[in-house]
Amino acid sequence: MTTDRSPAPTAASTLPANPRIFSGIQPSGAPHIGNDLGAIRNYVALQDRYEAIYCIVDYHALTSTHDPDVLRTRTREMAAALLALGLDPERCTLFVQSHRPEVTELAWLFTTVTPVAWLQRTPTYKEKRQSQPEDVNHGLLTYPVLQAADIVLYKASLVPVGKDQAAHLELSREIVRAFNGRYGETFPEPRAVHTDAPVVLGTDGARKMSKSVGNTIEIFAEPDVIRRQVMGMVTDTQRILRSDPGRPEVCNVCRLHRFFGDDYEEVWEGERTARTGCVDTKKLLAARIIAHYAEPRERYLELMADPAGVDRILAEGAERIRPIARATMDEVHERMGLR
Ligand code: AQP
């Protein structure tokens, strides 16, 4: 079984010389394998090569999570999850978005260079209007402006993210171009770095795996829960009988086998020849996912048993990057004629 968590070689080989890395993750629910395969394993790999800053974006989560206790708990859980999966506070900075409030000022300043039409056409905004019609708050509309501020407050130029973030990142680049065009060259244009699993589909086999959709395989759930989530996955819908040959290239279970074993071709062959059935393939996948995350799960439980220790790491992270945030804001004030 593979434990290689490095990014796709094509992604890494195109990186510039000394970029600063930034990425954020929402504390909007339990982390899932889509988060890990699409983004977190790149966070881990890149911390050894570049100056890396990672953020738990609690302001963003407020656009859909309104219970203070839930938000607090999830924020700490997400921090413990990232540490358990391999982020090392000695090799990167991990902090909570609201602990460096300069970002909200920068976001507001960015709204003055961002046409409303750019925000209204964002696919995520359109989706959220459908999925939470009773709560189309202003934060949902301006989400990409805050995201642009998150990244460039630290003058980061590379952003490890999944493909679902492509439109947001493109908007960040447009906002940076608009600011630089009006006030002079200030910020680098950020660009995405993807893994070799930039879009992981959910257990429904239709939409991307997503906390808010609830079609996830959770990384730190009890083994029984993981087993249930995997066994509930939609497979190749044209394979009706056990004796029907499968089509592994369109089966989400088979696709996931690529990331949880060295022998996925053998697994695929078993499906193609109907030597194995969907149930066998799911059972094997569940066992491999559980084994793959067994050690991180132990670390996660240890970290959650020491909440003060986790909070200390987050507080130190926010403090460490204060000078970068202050220097950026001083420069922005000067350029915009404030102060
Ligand atoms: N399915 C996925 N495949 C690949 N990458 C993914 N990411 C998320 N889902 C997938 C990447 O994980 C990072 C953190 O994303 P997030 O905090 O937005 O996570 P989420 O699960 O997408 O969260 P929600 O609550 O479900 O948000 P919505 O529904 O608003 O998207 C990002 O780099 C993301 O690309």
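View 1. Start at Ser28: an N or O atom in its side chain sits 2.9 Å from an oxygen atom of the ligand. That makes a polar contact, meaning a pair of N or O atoms within 3.5 Å (within protein, one must be able to donate a hydrogen and the other to accept it, and residues adjacent in sequence count only if both atoms are side-chain atoms). Asp164 has a polar side-chain atom 2.6 Å from a ligand oxygen, and for Ser210 the distance from a side-chain N or O atom to a ligand oxygen is 2.3 Å. The protein covers 94% of the 660 Å² of accessible area that the ligand has on its own (Shrake-Rupley method, 1.4 Å probe). Keep in mind that this is a predicted model: local features need pLDDT of at least 70, side-chain atom pairs count only at pLDDT 80 or more, and totals for chains, interfaces and linings use all residues. Residues are numbered from 1 along each chain as its sequence is written, and side-chain values use heavy atoms, with hydrogens and water left out.

**View 2. A shell of 22 residues surrounds the ligand.** His32, Asp164, Lys208, Ser210 and Ser212 are the closest. Helix H2 (residues 33-46) gives the largest share, four residues; helices are DSSP runs (H or I) of at least four residues, numbered from the N terminus.

View 3. An automatic or database assignment gives domain 1 (11-200 + 307-336) and domain 2 (201-305). Their centres, taken over C-alpha atoms, are 29 Å apart.

Key
A residue is near a molecule or strand if one of its heavy atoms lies within 4 Å of it. Helices (H or I, at least four residues) and strands (E, at least two) are DSSP runs, numbered from the N terminus.
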